[in-house]
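Reader: Hey, can you walk me through this one? I'd like to start with the pocket.

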Amino acid sequence: MSVQLGFAVGAFALAALGLADRWPTHWFFAGAAALAALCTALIALFTEGPRLALPLRFLTGMALAGCIRSG
């Protein structure tokens, strides 16, 4: 659920701020994908419960909104 909420917040923030229109599409997509991968890796490496996993999943969803917007 937190990924979906993060995606919704990320999509709204991207639309409101117009960030995807300010940078070249390939750089924006690469940065968003790298951030999503980093958050997922941090979950695998450092979480043992939902206290840290849920916020990282939320950030993953926000980053994935950048991947979909740029694609």
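Reader: What volume does the largest pocket have?
Author: The largest pocket comes out at about 170 Å³, in a predicted model where local features need pLDDT of at least 70, side-chain atom pairs count only at pLDDT 80 or more, and totals for chains, interfaces and linings use all residues. Residues are numbered from 1 along each chain as its sequence is written, and side-chain values use heavy atoms, with hydrogens and water left out.

Reader: And what does "pocket" mean here?
Author: On a 1 Å grid over the protein atoms alone, a pocket is an open set of points with protein on both sides within 12 Å along at least five of seven lines, and lining residues have an atom within 4 Å of a point. The volume is the space filled by probe spheres set on the points, which are joined across faces, edges and corners.

Reader: How many of the lining residues are nonpolar, polar or charged?
Author: The lining has 10 nonpolar, two polar and no charged residues. Gly counts as polar in this scheme.

Reader: New topic: is Ile-68 buried or exposed?
Author: Ile-68, in helix α4 (residues 50-70), is exposed because its relative accessible area is 60%, and exposed means over 50%, buried under 20%, partly exposed in between (1.4 Å probe, protein chains only).

Reader: What about Ala-34?
Author: Ala-34 sits in helix α3 and is partly exposed, at 45%. Its C-alpha atom is 9.8 Å from that of Cys-67, 33 residues apart along the chain.

Definitions and conventions
Helix = DSSP H or I, 4+ residues; strand = E, 2+ residues; numbered from the N terminus. 1 Å grid on protein atoms, 1.4 Å probe; cavity = no way out; pocket = protein on both sides within 12 Å on 5 of 7 lines; lining within 4 Å.
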